Amino acid sequence: MIELTYYGHSSFLVKIDDKNLLFDPFIRPNSKAAGVNVSDIRADYVLISHGHEDHVADAEEITKNSDATLISNFEIATWFSKKGIEKYHPMNQGGSKMFDFGKLKYVNAVHSSTLPDGSGGGLAGGFIVEHAEGCFYFAGDTALTYDMKLIAAEFKIDFAIMPIGDNFTMGIEDAIRAADFVGTDKIIGMHYDTFPYIEVDLEAAKKAALQAKKELILLNIGESITL
(Lines give C-alpha, C1' and ligand atoms only; values in the text may rest on other atoms or scores of the structure.)
Protein backbone atom coordinates (compact mmCIF):
# COMPACT_ATOMS: atom_id res chain seq x y z
CA MET A 1 0.00 0.00 0.00
CA ILE A 2 1.13 3.53 -0.72
CA GLU A 3 -0.20 6.90 0.38
CA LEU A 4 -0.91 9.79 -1.99
CA THR A 5 -1.38 13.38 -0.84
CA TYR A 6 -2.64 15.94 -3.36
CA TYR A 7 -1.27 19.49 -3.30
CA GLY A 8 -3.24 20.80 -6.26
CA HIS A 9 -2.74 20.99 -10.04
CA SER A 10 -0.24 18.17 -10.77
CA SER A 11 1.48 18.07 -7.37
CA PHE A 12 1.39 14.80 -5.46
CA LEU A 13 3.40 13.47 -2.54
CA VAL A 14 3.63 9.69 -2.77
CA LYS A 15 4.82 7.78 0.28
CA ILE A 16 6.30 4.37 -0.47
CA ASP A 17 7.39 2.69 2.76
CA ASP A 18 9.60 5.34 4.38
CA LYS A 19 10.39 7.27 1.19
CA ASN A 20 8.50 10.38 0.04
CA LEU A 21 8.34 11.15 -3.67
CA LEU A 22 7.07 14.61 -4.62
CA PHE A 23 5.87 15.13 -8.19
CA ASP A 24 5.73 18.48 -10.03
CA PRO A 25 5.46 20.91 -7.07
CA PHE A 26 3.43 23.98 -8.04
CA ILE A 27 1.91 25.18 -4.79
CA ARG A 28 2.74 28.74 -3.69
CA PRO A 29 1.61 30.37 -6.98
CA ASN A 30 -1.60 28.33 -6.98
CA SER A 31 -4.26 30.30 -5.12
CA LYS A 32 -6.37 27.17 -4.81
CA ALA A 33 -3.59 25.59 -2.71
CA ALA A 34 -3.31 28.51 -0.28
CA GLY A 35 -4.01 26.17 2.63
CA VAL A 36 -0.87 24.10 1.96
CA ASN A 37 2.23 25.11 3.92
CA VAL A 38 5.12 24.55 1.54
CA SER A 39 7.64 24.97 4.36
CA ASP A 40 6.27 21.84 6.01
CA ILE A 41 6.65 19.58 2.96
CA ARG A 42 9.54 17.15 3.13
CA ALA A 43 10.55 14.81 0.34
CA ASP A 44 13.31 12.33 -0.30
CA TYR A 45 12.92 12.76 -4.07
CA VAL A 46 11.46 15.56 -6.19
CA LEU A 47 10.43 14.34 -9.64
CA ILE A 48 9.86 16.86 -12.43
CA SER A 49 8.01 15.79 -15.59
CA HIS A 50 8.85 18.91 -17.64
CA GLY A 51 10.03 22.47 -17.31
CA HIS A 52 6.91 24.64 -17.25
CA GLU A 53 6.47 26.99 -14.29
CA ASP A 54 3.28 25.25 -13.19
CA HIS A 55 5.31 22.10 -12.54
CA VAL A 56 8.56 23.42 -11.08
CA ALA A 57 7.63 26.52 -9.06
CA ASP A 58 8.43 25.13 -5.61
CA ALA A 59 10.95 22.48 -6.63
CA GLU A 60 14.08 24.40 -5.67
CA GLU A 61 12.82 25.39 -2.21
CA ILE A 62 11.48 21.97 -1.26
CA THR A 63 14.50 20.11 -2.65
CA LYS A 64 16.91 22.28 -0.67
CA ASN A 65 14.83 22.26 2.53
CA SER A 66 14.54 18.48 2.38
CA ASP A 67 18.07 17.72 1.17
CA ALA A 68 16.20 15.71 -1.45
CA THR A 69 17.39 14.30 -4.76
CA LEU A 70 15.84 15.98 -7.81
CA ILE A 71 15.06 13.66 -10.72
CA SER A 72 14.15 14.86 -14.20
CA ASN A 73 15.45 14.84 -17.74
CA PHE A 74 19.03 15.92 -18.37
CA GLU A 75 18.24 19.53 -19.27
CA ILE A 76 16.02 20.18 -16.25
CA ALA A 77 18.24 18.35 -13.76
CA THR A 78 21.35 20.26 -14.83
CA TRP A 79 19.40 23.56 -14.87
CA PHE A 80 18.55 23.02 -11.21
CA SER A 81 22.14 22.03 -10.44
CA LYS A 82 23.18 25.54 -11.50
CA LYS A 83 20.74 26.89 -8.91
CA GLY A 84 22.67 25.17 -6.14
CA ILE A 85 20.97 21.78 -5.99
CA GLU A 86 23.78 19.30 -5.44
CA LYS A 87 21.77 16.08 -5.30
CA TYR A 88 20.23 15.46 -8.69
CA HIS A 89 19.78 12.55 -11.07
CA PRO A 90 19.37 13.19 -14.81
CA MET A 91 17.38 10.77 -16.97
CA ASN A 92 15.95 10.69 -20.47
CA GLN A 93 13.21 8.96 -22.44
CA GLY A 94 13.30 5.19 -22.23
CA GLY A 95 15.83 5.11 -19.42
CA SER A 96 15.24 3.34 -16.13
CA LYS A 97 17.11 3.22 -12.84
CA MET A 98 16.85 1.41 -9.53
CA PHE A 99 16.46 3.64 -6.49
CA ASP A 100 15.88 2.74 -2.85
CA PHE A 101 12.10 3.13 -3.36
CA GLY A 102 12.03 0.85 -6.44
CA LYS A 103 12.47 1.03 -10.20
CA LEU A 104 11.88 4.30 -12.01
CA LYS A 105 11.42 4.62 -15.76
CA TYR A 106 11.19 7.93 -17.63
CA VAL A 107 8.72 7.57 -20.48
CA ASN A 108 7.44 9.66 -23.37
CA ALA A 109 4.98 12.51 -23.05
CA VAL A 110 3.72 14.65 -25.92
CA HIS A 111 3.99 18.22 -24.66
CA SER A 112 6.26 21.27 -24.80
CA SER A 113 8.86 22.00 -22.13
CA THR A 114 10.42 25.39 -21.46
CA LEU A 115 11.94 26.43 -18.13
CA PRO A 116 10.80 29.61 -16.34
CA ASP A 117 13.77 31.68 -17.56
CA GLY A 118 13.20 30.64 -21.18
CA SER A 119 15.85 27.91 -21.20
CA GLY A 120 15.07 24.75 -23.13
CA GLY A 121 13.57 22.10 -20.90
CA GLY A 122 14.34 19.11 -23.09
CA LEU A 123 11.57 16.65 -23.90
CA ALA A 124 8.57 16.38 -21.61
CA GLY A 125 8.10 13.00 -19.96
CA GLY A 126 6.24 10.89 -17.47
CA PHE A 127 7.30 8.36 -14.86
CA ILE A 128 6.62 4.70 -14.14
CA VAL A 129 7.30 3.77 -10.51
CA GLU A 130 7.55 0.03 -9.83
CA HIS A 131 7.97 -0.86 -6.16
CA ALA A 132 7.48 -3.79 -3.81
CA GLU A 133 3.78 -3.00 -3.33
CA GLY A 134 2.89 -2.46 -6.99
CA CYS A 135 3.31 -0.08 -9.91
CA PHE A 136 1.87 3.27 -11.00
CA TYR A 137 2.15 5.72 -13.89
CA PHE A 138 2.52 9.48 -13.49
CA ALA A 139 1.73 10.73 -16.99
CA GLY A 140 2.83 14.35 -16.66
CA ASP A 141 1.37 16.77 -19.19
CA THR A 142 0.67 14.75 -22.31
CA ALA A 143 -1.57 14.06 -25.22
CA LEU A 144 -2.88 10.57 -25.85
CA THR A 145 -0.21 8.55 -27.63
CA TYR A 146 0.15 4.98 -28.84
CA ASP A 147 3.44 4.82 -26.93
CA MET A 148 1.31 4.26 -23.84
CA LYS A 149 0.58 0.75 -25.09
CA LEU A 150 4.25 -0.06 -24.56
CA ILE A 151 3.77 0.65 -20.86
CA ALA A 152 1.15 -2.11 -20.58
CA ALA A 153 3.48 -4.50 -22.39
CA GLU A 154 6.19 -3.97 -19.76
CA PHE A 155 4.38 -3.15 -16.52
CA LYS A 156 1.24 -4.07 -14.59
CA ILE A 157 -0.13 -0.62 -13.78
CA ASP A 158 -2.28 -0.45 -10.63
CA PHE A 159 -3.33 3.17 -11.18
CA ALA A 160 -2.43 6.11 -13.40
CA ILE A 161 -2.17 9.78 -12.42
CA MET A 162 -3.34 11.56 -15.58
CA PRO A 163 -4.28 15.06 -16.74
CA ILE A 164 -7.97 15.57 -17.49
CA GLY A 165 -8.13 19.35 -17.99
CA ASP A 166 -8.05 19.32 -21.80
CA ASN A 167 -6.83 22.36 -23.82
CA PHE A 168 -3.11 21.88 -22.95
CA THR A 169 -3.27 18.11 -22.29
CA MET A 170 -5.61 15.17 -22.54
CA GLY A 171 -9.22 15.67 -21.57
CA ILE A 172 -11.26 13.01 -19.83
CA GLU A 173 -12.13 11.14 -23.03
CA ASP A 174 -8.48 10.70 -23.99
CA ALA A 175 -7.51 9.95 -20.39
CA ILE A 176 -9.99 7.07 -20.46
CA ARG A 177 -8.40 5.80 -23.68
CA ALA A 178 -4.96 6.24 -22.13
CA ALA A 179 -6.04 4.15 -19.14
CA ASP A 180 -7.04 1.40 -21.57
CA PHE A 181 -3.69 1.70 -23.34
CA VAL A 182 -1.65 1.35 -20.11
CA GLY A 183 -3.92 -1.36 -18.74
CA THR A 184 -5.57 0.15 -15.67
CA ASP A 185 -9.12 0.94 -14.60
CA LYS A 186 -8.09 3.46 -11.92
CA ILE A 187 -7.40 7.10 -12.89
CA ILE A 188 -6.22 9.77 -10.44
CA GLY A 189 -7.14 13.08 -12.06
CA MET A 190 -4.72 16.03 -12.23
CA HIS A 191 -4.07 19.24 -14.17
CA TYR A 192 -7.63 20.54 -14.09
CA ASP A 193 -9.52 23.56 -12.68
CA THR A 194 -6.37 25.51 -11.72
CA PHE A 195 -6.84 28.09 -14.48
CA PRO A 196 -9.85 29.08 -16.60
CA TYR A 197 -8.36 27.32 -19.65
CA ILE A 198 -8.54 23.95 -17.89
CA GLU A 199 -11.78 24.22 -15.94
CA VAL A 200 -13.88 21.12 -16.55
CA ASP A 201 -17.31 19.77 -15.68
CA LEU A 202 -16.29 17.32 -12.97
CA GLU A 203 -19.65 15.61 -12.80
CA ALA A 204 -19.57 15.01 -16.55
CA ALA A 205 -16.02 13.66 -16.21
CA LYS A 206 -17.09 11.27 -13.47
CA LYS A 207 -20.05 10.13 -15.56
CA ALA A 208 -17.83 9.51 -18.61
CA ALA A 209 -15.43 7.45 -16.51
CA LEU A 210 -18.26 5.45 -14.96
CA GLN A 211 -19.75 4.69 -18.36
CA ALA A 212 -16.32 3.46 -19.48
CA LYS A 213 -16.09 1.28 -16.36
CA LYS A 214 -13.20 3.33 -15.00
CA GLU A 215 -12.74 4.65 -11.48
CA LEU A 216 -11.95 8.37 -11.60
CA ILE A 217 -10.56 9.65 -8.30
CA LEU A 218 -10.55 13.43 -7.84
CA LEU A 219 -8.86 14.43 -4.59
CA ASN A 220 -9.40 17.64 -2.71
CA ILE A 221 -6.27 19.74 -2.18
CA GLY A 222 -4.60 18.52 0.99
CA GLU A 223 -6.46 15.19 0.90
CA SER A 224 -4.64 11.87 1.22
CA ILE A 225 -5.64 8.44 -0.01
CA THR A 226 -4.15 4.99 0.50
CA LEU A 227 -3.96 2.70 -2.51
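Where does UniProt place the feature "domain: Metallo-beta-lactamase"? The unreviewed UniProt entry places this feature at residues 8-191, and such annotations may be inferred rather than shown by experiment. The model is predicted, and local features need pLDDT of at least 70, while side-chain atom pairs count only at pLDDT 80 or more. Residues are numbered from 1 along each chain as its sequence is written, and side-chain values use heavy atoms.

**Exercise 1.** Classify the ring pair of Phe-23 and Phe-127.

*Solution.* A pair of aromatic rings is described by the distance of the centres and the angle of the planes. Rings of Phe, Tyr and Trp (its six-membered ring) pair if their centres lie within 6.5 Å, and planes under 30 degrees apart count as stacked, over 60 as edge-to-face and the rest as tilted. For Phe-23 and Phe-127 the centres are 6.1 Å apart and the planes stand at 65°, so the pair is edge-to-face. Strands here are DSSP runs (E, at least two residues), numbered from the N terminus. Finally, both Phe-23 and Phe-127 are buried, that is, under 20% relative accessible area.

**Exercise 2.** Classify the pair of Phe-23 and Phe-136, and find the parts of the chain that this pair links.

*Solution.* With 6.1 Å centre to centre and 70° between the planes, Phe-23 and Phe-136 form an edge-to-face pair. This pair links strand S3, which holds Phe-23, to strand S10 (residues 134-138), which holds Phe-136, and the two residues are 113 residues apart. Phe-23, Phe-127 and Phe-136 belong to one aromatic cluster, whose members also include Tyr-106.

How values were computed:
Buried < 20%, exposed > 50% of the residue type's maximum accessible area, 1.4 Å probe, protein only. Helix = DSSP H or I, 4+ residues; strand = E, 2+ residues; numbered from the N terminus.
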